[in-house]
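Subject: Structure for you to look at

Dear colleague,

Please find the structure below, followed by some notes on what turned up in it.

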Amino acid sequence: MISYNMKKNLVIRKTIKNDEVYELLKKIPAGKVTTYGDIAKALGNPSASRIVGKILGQNPNPIQVPCHRVVMSNGKLGGYAYGTLKKRGLLEKEGLSFSNGIVTEFTKVRISLSSNGKPSE
């Protein structure tokens, strides 16, 4: 997708594809989380966090593609196809804890994904 802003500067935003999102998810280690926005940014379209969320909701294989490791930018759980209680339970099994519905020590367990898809803490 190509769009122009008011100053006529070219802004290029990459179209996000389901398979690209799923491949990135496989790189998130157990006990860590990333955000919808981090994934969108790593895929070249920082404003596409909602699209990432929609793609995650269509995940055909949540066992191999751990979409439960993606949370909101404020550390709240966000959605999950099997319900937020299940999502929280999966994250707790991986060693994460929660306080007032937010991942405890969010900044310590959050990883960013670089444009090459590798986790960076």
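Asn100 sits in the loop between β5 (98–99) and β6 (102–103), where strands are DSSP runs of E of at least two residues and helices runs of H or I of at least four, numbered from the N terminus. This is a predicted model, in which local features need pLDDT of at least 70 and side-chain atom pairs count only at pLDDT 80 or more, while totals for chains, interfaces and linings use all residues. Residues are numbered from 1 along each chain as its sequence is written, and side-chain values use heavy atoms, with hydrogens and water left out.

Most residues other than glycine have a negative phi. Asn100, however, has a positive phi near 55°, and Asn100 is exposed, with a relative accessible area of 77% (exposed means over 50%, buried under 20%, partly exposed in between, with a 1.4 Å probe and protein chains only). Glu105, which is not a glycine either, has a positive phi of about 50° and lies in the loop between β6 and α5 (106–109).

With kind regards
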